[in-house]
Amino acid sequence: MADAAVQVWEAERGRIKGDDKQRLSQVAEIGEVAGWLLHDAARFREARRTLAEAHTLARLAGDAPLEWFVLDLIAMVDVHTSRVGEALAITDEMLTGRQVPGRVALMARVRRARSLAQTGDRTRALDELRRAAGGLQDSVHADDPAFTWWINATEVALHTGEALLSLGDPRAALPHLRRSSDASRDGGRREFGNVLAELTALVRLGAWREAEAPLVRLDPILRTVTSSRTRVRLRSTLRAIDRDGPSWLADTAHEIAR
């Protein structure tokens, strides 16, 4: 899917002529889709380059909502690849923009918190996440961009747990990750990622009995979800179970790996 999207993106970008703002916006949106798919395919350098080019087109088109969307996705890739400086610069830009909707600012706080956690700044990271959680209801407005649909209490809980994992505190992370895992029952990529985050915390704690349920829960999801990015993390977690866990759980991990 990523390859197909990139082909469409490159073809449509090559057909741009003049400064038709609607056309620029349409092509920028194709770049946004291609960039997200490249990210999920674990092709992070290509994803970032594609999203940067899409951002330029969105800016030239004067399409502010799309520009914010692409900026958020660039920050997402930066968080995943630990490009902390750029992620913080992007979120600063989003948080200081005068016309940035509250829901977009809330998303920027989540990205900023994850980056701060990667630097070891626990106080500021958790403060940003508390502000994001507190603003979930206040930030909802009829004119919110459509792409902000995903940011809700479940996602803030997930990112809080992930930030605490980055800070080396899986025990504090676990309640947040359990909450997001329990709330995710779509059988898709979102459930895959949330359950895997809970499993990661349990493995780091050495809570082997508790780790069995999320590990088994992943099995049917893997039959349909092909997120390479998430599978890379799963393989690392399975190796940790094989290395440090009891043999009965390692056997289950081997089955999942196959």
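Analyst: A helix here is a DSSP run of H or I with at least four residues, and helices are numbered from the N terminus. The model is predicted.

User: Which residue just after α6 takes a positive phi?
Analyst: Helix α6 has 17 residues and spans 25 Å from its first C-alpha to its last, close to the 24 Å expected at 1.5 Å a residue. Just after this helix, a phi of about 90° is found at Gly120.

User: What is the volume of the largest pocket, and which residues lie nearest its centre?
Analyst: The volume of the largest pocket is about 1200 Å³. Its lining comprises 41 residues. Those nearest the centre are His80, Arg114, His159, Glu162 and Arg229.

User: Which helix gives the largest share of the lining of the largest pocket?
Analyst: At least two lining residues come from each of α2 (21–40), α4 (64–80), α6 (102–118), α8 (153–166), α10 (189–205) and α12 (228–244). By class, the lining divides into 17 nonpolar, twelve polar and twelve charged residues. The largest share, nine residues, is that of α10.

User: Is Glu162 buried or exposed?
Analyst: Glu162 is in helix α8 and is among the residues nearest the centre of the largest pocket. Not counting residues up to four places away in sequence, it touches Arg114, Leu177, Ala197 and Arg233. The cut-off for buried is under 20% relative accessible area. Because its relative accessibility is 11%, Glu162 counts as buried.

User: How many charged residues are in the lining of the second largest pocket?
Analyst: The second largest pocket has a volume of about 200 Å³. Its lining includes Asp219, Arg223, Arg231, Arg235, Glu255 and Arg258, along with Leu222, Leu234, Leu238, Ile256 and Ala257. By class there are five nonpolar residues and no polar ones, and the charged residues number six.

User: Which helix supplies the largest share of the lining of the second largest pocket?
Analyst: Helices α11 (208–222), α12 and α13 (247–257) each contribute at least two residues to this lining. The largest share is four residues, and it comes from α12.

User: What does the covering of the buried residues of α12 include?
Analyst: Helix α12 has 17 residues and reaches 24 Å between its end C-alpha atoms, close to the 24 Å expected at 1.5 Å a residue. Its buried residues are Arg229, Thr230, Leu234, Thr237, Leu238, Ala240 and Ile241. What covers them includes α2, α3 (44–61), α4, α10, α11 and α13.

User: Which residues is Ala253 in contact with, leaving aside its neighbours within four places in sequence?
Analyst: Ala253 is in helix α13 and is buried because its relative accessible area is 1%. Its C-alpha atom is 7.5 Å from that of Leu215, 38 residues apart along the chain. Leaving aside neighbours within four places in sequence, its contacts are Leu215, Leu238 and Ile241.

User: How many aromatic pairs are there, and what are the centre to centre distance and the angle between the planes for Phe69 and Phe147?
Analyst: The count comes to one aromatic pair.

User: How many residues apart are Phe69 and Phe147?
Analyst: Phe69 is buried because its relative accessible area is 18%, and Phe147 counts as buried at 9%. Phe69 is in helix α4, whereas Phe147 is in the loop between α7 (122–134) and α8. The pair links distant parts of the chain, and the separation in residues is 78.

User: Which residues is Glu67 in contact with, leaving aside its neighbours within four places in sequence?
Analyst: Glu67 is also placed in helix α4. It is buried because its relative accessible area is 14%. Leaving aside neighbours within four places in sequence, its contacts are His55, Ala58 and Arg59.

User: Does Arg185 count as buried or exposed?
Analyst: Arg185 is in the loop between α9 (170–183) and α10. It touches Glu191 and Arg217, not counting residues up to four places away in sequence. Its C-alpha atom is 9.7 Å from that of Val195, ten residues apart in sequence. The cut-off is over 50%, and because its relative accessibility is 59%, Arg185 counts as exposed.

How values were computed
Residues numbered from 1 in each chain as written. Predicted model: local features only at pLDDT ≥ 70, side-chain atom pairs only at ≥ 80, totals over all residues. Heavy atoms only, no water. 1 Å grid on protein atoms, 1.4 Å probe; cavity = no way out; pocket = protein on both sides within 12 Å on 5 of 7 lines; lining within 4 Å. Points joined across faces, edges and corners; volume = space filled by probe spheres on them. Nonpolar A, V, L, I, M, F, W, Y, C, P; charged D, E, K, R; others polar. Phe/Tyr/Trp six-rings, centres within 6.5 Å; stacked < 30°, edge-to-face > 60°. Buried < 20%, exposed > 50% of the residue type's maximum accessible area, 1.4 Å probe, protein only. Expected span 1.5 Å × (residues − 1). Contact = heavy atoms within 4.5 Å.
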